[in-house]
Amino acid sequence: MLFGNKIRALRDEQGVLQRQLAAYLEIDTPMFSKIERGDRRAKRSQVTMLAEYFHVDEKEMLTLWLADKILDALEGEDSLALDAIGVAGKTIRQSK
């Protein structure tokens, strides 16, 4: 819920309603609410649009979004999660 929490914080700071952001993203308000609660994943393009809307760093928003995806994939694998992340990180570094 890292991404959802960030959206909620930005929305609260700027006094923006969920329905306004839903309209901006061309989705319905319940769908936006699910994204904000972490019950549904935003599309990458929506993450970029939200970064633009809130005038925040796109890379930061995409990083939070991707971290949520990783955490979802590792859910329930607490004893192996850090090892798996280490292997993935090593593989990413080697591929550069």
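Me: Is threonine 29 buried, exposed or partly exposed?
Reply: This is a predicted model in which local features need pLDDT of at least 70, side-chain atom pairs count only at pLDDT 80 or more, and totals for chains, interfaces and linings use all residues. Residues are numbered from 1 along each chain as its sequence is written, and side-chain values use heavy atoms, without hydrogens and water. Buried means under 20% relative accessible area, exposed over 50%, and partly exposed in between (1.4 Å probe, protein chains only). Threonine 29 has a relative accessible area of 30%, so the residue is partly exposed.

Me: Which residues is threonine 29 in contact with, leaving aside neighbours within four places in sequence?
Reply: Contact means heavy atoms within 4.5 Å. Threonine 29 belongs to helix α3 (residues 29-37), helices being DSSP runs (H or I, at least four residues) numbered from the N terminus. With neighbours within four places in sequence left aside, the contacts of threonine 29 are Gln18, Arg19 and Ala22.

Me: At roughly what angle do the axes of helix α1 and helix α5 cross?
Reply: Axes are lines fitted to C-alpha atoms, for helices over the stretch in contact, and angles run from 0 to 180 degrees between N-to-C directions. The axes of α1 (residues 2-14) and α5 (residues 58-73) come within 7 Å. Their crossing angle is roughly 140°.

Me: Is isoleucine 70 buried, exposed or partly exposed?
Reply: Isoleucine 70 lies in helix α5. Because its relative accessibility is 39%, isoleucine 70 counts as partly exposed.

Methods:
Helix = DSSP H or I, 4+ residues; strand = E, 2+ residues; numbered from the N terminus.
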